[in-house]
Amino acid sequence: MESFRSLTVTQRDQILVEQQVFDIFKTFYNLPPSSQSFMLELQRENHVEYLTKGLTGLSPSFCVLDANRPWICYWILHSIALLDEFVDPELENNTIDFLSRCQGPNGGYAGGPGQMPHLATTYAAVNSLVTLGGDKALSSINREKLYMFLRQMKDASGGFRMHDGGEIDVRACYTAISVASLLNILDDELVQNVGNYILSCQTYEGGISGEPGSEAHGGYTFCGLATMILINEVDRLDLSSLTDWVVFRQGVEGGFQGRTNKLVDGCYSFWQGGIFALLKRLNSTKEVKPIPLGDGEGSGEESPQTTTSSDAAGEEGLNGDLSLGGSHSEIGDQHNTSSQDNVIDIDHNHSKGHANVEPLFNSLALQQYILLCSQELNGGLRDKPGKSRDHYHTCYCLSGLSVCQRSWLEDEDSPPLPRAVLVVSRSLGFRDLWVQNVR
């Protein structure tokens, strides 16, 4: 006990979390196989029920998230899409109408009707509408005004401000560039010096910080890497040190931490796990002839399912229903991404539609953490044992689970490889999990 007291707060918290996690694992391994199978089952129906209820109405305790309402829509809609489910037409129409009221008269989406437009909620609103798809959702986006809003948020440093007079950071760069790329309004004016700003945020550790001089962080690293891919400047990053940094963010619990010496958190199943999906796609471009991205190839969006739901909207929908009524020359010169490589892996087994590429992280251990420690059996997912479920962690835990099971496929419509899905016969033992993660 005396030695425990001599530890730092961070060390004590880490020990307590490890104890909670491994107590769950030990309990799991003492169960009969039938009970273990149930524990490892994704409770789809309960998750969908929890998510759908959140989209229809929230309790007064959610008033603190009044400026994040498009994010709540995104977390819920993206989660439902990951579960291969849909919302009913009435709920879909209500969501579109609400998000339309969040769209500012001068472009951009606010956290709620009448609030200030913000890049983060613009990203959430646009991705929500693209996930829903259909003429009503897509045509509700005023691309011309949205482009002007993005231009207004552009800073002389090369980065973007989150809102008028707001902070400049990597998150703003990603949300601006991602939205512009998704809506096909990305041009050289928006891209100018963005790469320089992102590069200035890569730290000595290899990860990327929110702004120059800050600490490397999983969310910002994902945003920075994805942005550099979208603007075709990813080779400017030190990808070797970035890979080293993210590999060592997976802890003995099987899940990921967001920063060095921080606790495991279920949401980093995606923010860190998604980085591996992006790196895999980058590695697969070697020795492959470049093709234009206009043919529907992904470009580093939030997860395979997110890209799928975006593609499901159809290029005709994005280029037709959302048309500005003229060529892109009316809003600036189109940014050239034609030099980006095809993301087809040269080592893929084309006859089976599967990639012969092993994950750079312990995929089975991450699935075990998500399903046993983050999943609440009555619906919803959480940060870690002892925390409550919420829509944010539900979204990113499910996204991380998708990365584990599907990001190594050549054909995104193919079922996951059997060896990529955690089942009882391949679940990691308590001792094995510890050894594999500290090795």
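The angle between two helices is taken between their N-to-C directions and runs from 0 to 180 degrees, with each axis being a line fitted to C-alpha atoms over the stretch in contact. The model discussed here is a predicted one.

**Overall composition**

The chain contains 21 helices and two strands. Of its 439 residues, 55% are buried. Among contacts between residues at least 6 apart in sequence, 72% join residues at least 24 apart.

Helix H6, which covers residues 89–102, packs with H7 at an angle of about 150°, and the two axes are 11 Å apart. Angles over 145 degrees count as roughly antiparallel, and therefore H6 is roughly antiparallel to H7. The crossing of these two helices is left-handed. On the H6 side, the contact is made by Glu92, Thr95, Ile96 and Leu99, while H7 contributes Ala125, Ser128, Leu129 and Leu132. Sorted by class, the residues of this contact are five nonpolar, two polar and one charged.

Helix H7 (residues 119–132) also packs with helix H9 (residues 143–153), again at an angle of about 150°, with axes 12 Å apart. This angle makes H7 roughly antiparallel to H9. The crossing of H7 and H9 is left-handed. Here H7 takes part through Leu119, Thr122 and Val126, and H9 through Leu146, Phe149, Leu150 and Met153. The contact of H7 with H9 holds six nonpolar residues, one polar residue and no charged ones.

By class, the contact of H19 with H20 has six nonpolar, five polar and no charged residues.

The table below sets out the geometry of the pairs.

| Helix pair | Angle | Distance between axes |
|---|---|---|
| H6 and H7 | about 150° | 11 Å |
| H7 and H9 | about 150° | 12 Å |

**A buried glutamine in a loop**

Gln43 is placed in the loop between helix H3 (33–39) and helix H4 (44–56). Is Gln43 buried or exposed? A residue under 20% relative accessible area is classed as buried, so Gln43, at 10% relative accessibility, counts as buried. A polar atom of the Gln43 side chain lies 3.1 Å from the backbone oxygen of Glu41. When neighbours within four places in sequence are left aside, Gln43 is in contact with Phe38, Gln375 and Leu377.

**Two exposed loop residues**

Asp84 lies in the loop between helix H5 (69–82) and H6. A residue counts as exposed over 50% relative accessible area, and Asp84, at 61% relative accessibility, is therefore exposed. Asp84 and Arg44 are 40 residues apart in sequence, and their C-alpha atoms are 9.5 Å apart in space.

Ser425 is located in the loop between helix H20 (391–406) and helix H21 (430–438). With a relative accessibility of 67%, Ser425 counts as exposed. Although 392 residues separate Ser425 from Pro33 in sequence, the distance between them, C-alpha to C-alpha, is 8.9 Å.

Most residues other than glycine have a negative phi. Which value does phi of Asn193 take? Phi of Asn193 is near 65°, which is a positive value in a residue other than glycine. Asn193 is found in the loop between helix H11 (188–191) and helix H12 (194–200). At 35% relative accessibility, Asn193 counts as partly exposed.

Asn232 likewise is a residue other than glycine with a positive phi, near 65°. The loop that holds Asn232 runs between helix H13 (218–230) and helix H14 (239–247). Asn232 has a relative accessible area of 31% and is therefore partly exposed.

Note on methods: Residues numbered from 1 in each chain as written. Predicted model: local features only at pLDDT ≥ 70, side-chain atom pairs only at ≥ 80, totals over all residues. Heavy atoms only, no water. Helix = DSSP H or I, 4+ residues; strand = E, 2+ residues; numbered from the N terminus. Parallel < 35°, antiparallel > 145°, perpendicular 65-115°, else oblique. Left-handed = near helix turned anticlockwise from the far one by under 90°. Contact = heavy atoms within 4.5 Å. Nonpolar A, V, L, I, M, F, W, Y, C, P; charged D, E, K, R; others polar. Buried < 20%, exposed > 50% of the residue type's maximum accessible area, 1.4 Å probe, protein only. Polar contact = N/O pair within 3.5 Å; in protein donor to acceptor, adjacent residues only side chain to side chain.
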